Amino acid sequence: MTFDSAMIQNMYATYAEKVQNAREACGNPLTLAEKILYAHCAKTPTQPFSRGRDYVEFCPDRVAMQDATAQMALLQFMQAGKSKTAVPSTVHCDHLILAKSGADADLRIANDTNREVYDFLRSVSNKYGIGFWKPGAGIIHQVVLENYAFPGGMMIGTDSHTVNAGGLGMVAVGVGGADAVDVMTGMPWELKFPKLIGIKLTGALQGWTSAKDVILKVAGILTVKGGTGCIVEYFGEGAASLSCTGKGTICNMGAEIGATTSLFGYDEKMSAYLRGTGREDVAAGADALAAELTGDSEVYAMPERYFDEVLEIDLSTLEPHINGPFTPDRATPLSNFAAEVKANGWPETLEVGLIGSCTNSSYEDLTRAASVAAQAGEKKLKVHSKYTVTPGSEQVRYTSERDGVLSYFEEIGGLVLANACGPCIGQWARHGADQAEPNSIMTSFNRNFAKRADGNPNTHAFVASPEMVTAFSIAGSLLFNPITDMLENIDGEKVKLDEPVGLELPESGFAVQDAGYQAPAEDGSDVEVVVRPDSERLQVLTPFAPWDGSDLKGLRLLIQAKGKCTTDHISMAGPWLKYRGHLDNISNNLLIGAVNRFNGQTNSVTVQPAGEVMAVPDAARQYLNVGVGTIVVGDENYGEGSSREHAAMEPRNLGVRVVLTRSFARIHETNLKKQGMLALTFSDKSDYEKIREDDVIDVTGLQHFTPDSRLSVVLHHADGTDESFYVDHTYNSKQIEWFIAGSALNLIRQEQPSVGSV
């Protein structure tokens, strides 16, 4: 079945002409990323855009939202005065299911525990023409790849791993909910025109090496911020050799290098996947446009001319990699991993192996891992680690069960979890995690920040391919190398694991009894959406106050974060996910994971001038209650990680006026702007060191706030001395209007003054 077939065919009908217009406007051959971007411009371009500089308005084809972020996005959309979304949109219930006992039991509990939220999402989707994927249907990105992604298209999604759809040749970008509201209301979506990184893949994968190892290698090269402001485009014979879902894996983890998105050109693997998932009409349309659904041949022949940066990776010589702990860009080739474990004193015993997640939960992933799991029984090996499996969608799960794939995991003691995010986002009731003992786990997930999986800061989480995780789980030791090492079986024999094998697509085709989709009402005008005033899970939004026209003076420092401060540090997931629809309740986790520069502790700051030490949210509320504005200071790549706009809305809700950092992650900076915050960076990064814990801080120059202006920060020290320095910003004229109005949503309201509350 093809969703939104007419929209796709209409887009294809004009795509080639738009690409040719762009080629003429630019005066040179185009990369695939440029073709898709220019073809989706809100206004026909007449000259090339400046990469990394020009803000451009785009018209995406669709919007996708997962349940944790959809709540806030839809609460905002309800206030926009629209009867239906302007573009096809979907909600996917995948984040709120706690992994504990197994798929059936966990899903029953989730449906009961989250009933109020699910009912809200179902009813608001029904009212506004939004497709609803119920709990258990699957992880948003796998479901999108199977049903909605299409070559040459553009979509945005309220999750950083929306980029997964690049595996089907789509420009798919993770955004905050306010951006999604713009598109759903029919407004253009704004993005700074990205720089372009080209990655040429040669050769073909061998043996134990998989598509996951490509992005693990790239993460090691580019680091967690090397892709910021860039689109990564993969090309070459090696790219064409990868399966469609393998391409998706690589694009998915592009979020871990900060990339705006990643993508591959259309090829036979994509065509086969479209046909294998019942979208023959999309495949036929893409086949007819194949030449324009990849970069121009001149670009790939001389990539240094057309990309801002070019890397080359030979898949034939690429080793399996294991990344971590605590950051996804610490990349170690398998041949060096045991030595690294010993040298760093990491816990050598592997406690748990976990496969699945939005990154590696396709049919191919499961069959390759199952081929390794099957050897435990065949070779009489004892499995030493606990093991869990998370299928990506009900279609993948049902087909895998039909084909006997899941039975291999069950035979080694594997626990098959619900088709949901689960442990990848901290939705894992791991026994003993509260004891905070040092331990090691290995996953096929994408992120491994401290505390992310189970709340234990001493859990060393390593990221690898599903087949590598399975092999290590059988061995139970991080010192094991499945390529070179033998294992002793229960008969005392030395045996060696064979290389994994898998199927890109099921030989008998995909099958499913209930995919979990619920179509919206044709006319939702009579559908009632109820938000109880006393609810602890949902809260109708109160508009943020507009700027009063004055400089921001007398601010107090809420916290100066030291080192890595991701959105997990700013607004933790795990047990806090249940409050994602209630801004005030979830604000109680504000910055509780950030390390305070002045005491080296988390969730411990000093309230001035009294000198009382308290938790960060409590300090913020105390300042708010006495009418004192606050400022948050951050280090490099502040806001790395997910697209959760709660990390921007919570400080706004608790009186933070400014976030000043050495540098921002792209999505978080945009989210702050959307919520009417000042997102500033040090002109001189060493000025970070000048701030004192008890400073009174002014931000001046706002009366002349323009796209090219500089603002100033004045530090009034407690010893009576003052210091000042310049700070930079990236606001354009429209974004300054958001600041003046108090938020982007306020600006939408101003344009529709009759709109009231829910």
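Trainee: Which backbone oxygen lies 2.6 Å from a polar atom of the side chain of Tyr55?

Mentor: The backbone oxygen of Thr730. Bear in mind that this is a predicted model. The side chain of Tyr55 also makes a polar contact, at 3.1 Å, with the side chain of Lys673.

Trainee: Where is Tyr55 placed, and which residues does Tyr55 touch?

Mentor: Tyr55 belongs to strand 1, residues 55-58. Leaving out residues up to four places away in sequence, Tyr55 touches Glu190, Leu191 and Lys192, together with Lys673, Thr730, Asn732 and Gln735.

Trainee: Does Tyr55 count as buried, partly exposed or exposed, and why?

Mentor: Burial is read from relative accessible area, with buried meaning under 20% and exposed over 50%. Tyr55 has 26% relative accessibility, so Tyr55 counts as partly exposed.

Trainee: How many disulfides does a search of the whole structure find?

Mentor: A disulfide is a covalent bond between the sulfur atoms of two cysteines. The search of the whole structure finds zero. Take Cys93: its nearest cysteine sulfur is that of Cys421, 11 Å away, and Cys93 is in no disulfide. Cys358 is in no disulfide either, with the sulfur of Cys424 as the nearest, 5.7 Å away. The cut-off for a disulfide is 2.5 Å between the sulfur atoms.

Trainee: Are Cys93 and Cys358 buried or exposed?

Mentor: Cys93 counts as buried, at 1% relative accessibility. Cys358 is buried as well, with a relative accessible area of 10%.

Trainee: What is the strand order in the open sheet of four strands?

Mentor: Strands of a sheet pair through backbone hydrogen bonds, either parallel or antiparallel. In this open sheet the order is 10-9-8-11, and the pairing is parallel. Strand 10 (261-264) and strand 11 (309-314) stand at the edges with a single partner strand each, so one side of each has no neighbour in the sheet. On average, neighbouring strands of this sheet are turned by 20° against each other, direction ignored.

Trainee: How many bridges join strand 8 to strand 9, and what packs on the sheet?

Mentor: Six bridges join strand 8 (residues 195-202) to strand 9 (residues 230-235), and the two run parallel. Leu196, for instance, stands opposite Ile231 in strand 9. Helix 10, residues 244-252, packs on the sheet and touches strand 9 and strand 10. The direction of helix 10 makes about 160° with that of strand 10.

Trainee: Which way do the residues of strand 18 point?

Mentor: Thr459, Ala461 and Val463 point one way from strand 18, while His460 and Phe462 point the other way. Five of the five residues of strand 18 (residues 459-463) are buried, and the strand is mostly covered. Strand 18 pairs with strand 17 (residues 439-443) in the parallel sense over five bridges.

Trainee: What span should helix 8 have, and how far apart are its end C-alpha atoms?

Mentor: Helix 8 covers residues 211-222, and at 1.5 Å a residue its twelve residues should span 16 Å. The end C-alpha atoms are 17 Å apart, which agrees.

Trainee: Why is helix 8 described as largely enclosed?

Mentor: Nine of its twelve residues are buried, so the rest of the structure largely encloses helix 8. Among them are Ala211, Lys212, Asp213, Val214 and Leu222. After helix 8 comes Thr223, whose phi is positive, near 70°.

Definitions and conventions: Residues numbered from 1 in each chain as written. Predicted model: local features only at pLDDT ≥ 70, side-chain atom pairs only at ≥ 80, totals over all residues. Heavy atoms only, no water. Expected span 1.5 Å × (residues − 1). Buried < 20%, exposed > 50% of the residue type's maximum accessible area, 1.4 Å probe, protein only. Contact = heavy atoms within 4.5 Å. Polar contact = N/O pair within 3.5 Å; in protein donor to acceptor, adjacent residues only side chain to side chain. Pairing = 2+ DSSP bridges. Axes fitted to C-alpha atoms, helices over the stretch in contact; angles between N-to-C directions.
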